[in-house]
Amino acid sequence: MSTTSSDPLAALGALPGVADAVDSVRKAVDRVYGHRVMRRRSNEVTAEAALRGARGSAALSGADWNLEEVRRRTDFSGEDEARTIGAALRLTAEAGQLLSIWRQSPLRVLARLHLVAAGGVTPDDTVGRPRLTGEPVEEPLIEAPVPGADEVSGRLEGLSKLIIAGGSAPALVTSSVVHGELLALRPFGSHNGLVARTAERIVLIGSGLDPKSICPAEVGHAEQGRAAYVAAFEGYLSGSPEGVGAWIAHCGRSVELGVRESTAVCEALQRGAA
């Protein structure tokens, strides 16, 4: 993905379908923030959105549990799926604590996210740092060729500079690019999908689009399905204007579906059913 603009992320707003996606997301977010329940019980909506977002992210990483099982379970050790659910829950809980650090040092945050996802169970020194040459990558769902360690390092540094520099790009564009780049690079030996979706969440919160973290894009990614997620990601990987635009639009639709989920939570709370 390349552009000659001095603000390359903002320039992506001109890609096919992106302006419409940005506008649609903004209207959807504004509607749920205007719900009367948000004036009194926003903390409950935030907590429920975190749970549902973690469940959705874990589903994309191969642990597709129903919501009540995630809510009921207390032990996330043991089998692989339980560990994946546990990692997603830990990451969601951690996301809101890292906003100020993200703006200053995104690479530190990514390292922290991987450490949290791994949960300290890996008995080697690969946790919390980008992989080195020759180190393997285990990532469910994403089968695209893995870039070499040198390319990963360079592109991570470039992404970090863009984030620190800021700019005028809409939150949807920035969050989609962060998500897409991390999936493309798979910088860690494991948990890259979970980390990428958590980074997307951090951008959406920190940008001010979703400051209370009630619009879980992970819910929408899961609802649209793994096949649609991979197809949209392949568009991003292609680097074509149409492909990148389609990925951003896909991420936008995911946010809107997350909004729909939280709107349903607001309605349930209003009725006294949750």
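This is a predicted model: local features need pLDDT of at least 70, side-chain atom pairs count only at pLDDT 80 or more; totals for chains, interfaces and linings use all residues.
Student: Hi! Let's start with helix 2: how many residues does it have, and how far does it reach?

Tutor: Helix 2 runs over residues 18–33, which is 16 residues, and reaches 23 Å from its first C-alpha to its last. That is close to the 22 Å expected at 1.5 Å a residue.

Student: Which residues in helix 2 are buried?

Tutor: Val-18, Ala-21, Val-25, Ala-28, Val-29 and Val-32 are buried. Looking down the axis of helix 2, the buried residues fall within an arc of 100°, so they line one face.

Student: Why would spacing like that put residues on one side?

Tutor: An α-helix has 3.6 residues a turn, so residues three or four places apart point the same way.

Student: Nice. What do the buried residues of helix 2 pack against?

Tutor: They pack against helix 9 (171–185) and helix 13 (241–271). The face turned away from the buried side of helix 2 carries the exposed residues Asp-20 and Arg-31.

Student: Switching topic: where is Asp-7, and is it buried or exposed?

Tutor: Asp-7 is in the segment before helix 1 (8–11). Asp-7 is buried yet has no salt bridge, and the nearest side chain of opposite charge, Lys-161, is 15 Å away.

Student: What does Asp-7 touch, then?

Tutor: Leaving aside residues up to four places away in sequence, Asp-7 touches Gly-166, Gly-167, Ser-168 and Ala-169.

Technical notes. Residues are numbered from 1 along each chain as its sequence is written. Side-chain values use heavy atoms; hydrogens and water are left out. Helices (H or I, at least four residues) and strands (E, at least two) are DSSP runs, numbered from the N terminus. Buried means under 20% relative accessible area, exposed over 50%, partly exposed in between (1.4 Å probe, protein chains only). Lys and Arg count as positive and Asp and Glu as negative; His and the chain ends are not counted. A salt bridge is a side-chain nitrogen of Lys or Arg within 4 Å of a carboxyl oxygen of Asp or Glu. Contact means heavy atoms within 4.5 Å. The expected span of a helix is 1.5 Å times one less than its number of residues. The arc is that of the directions from the helix axis to the C-beta atoms.
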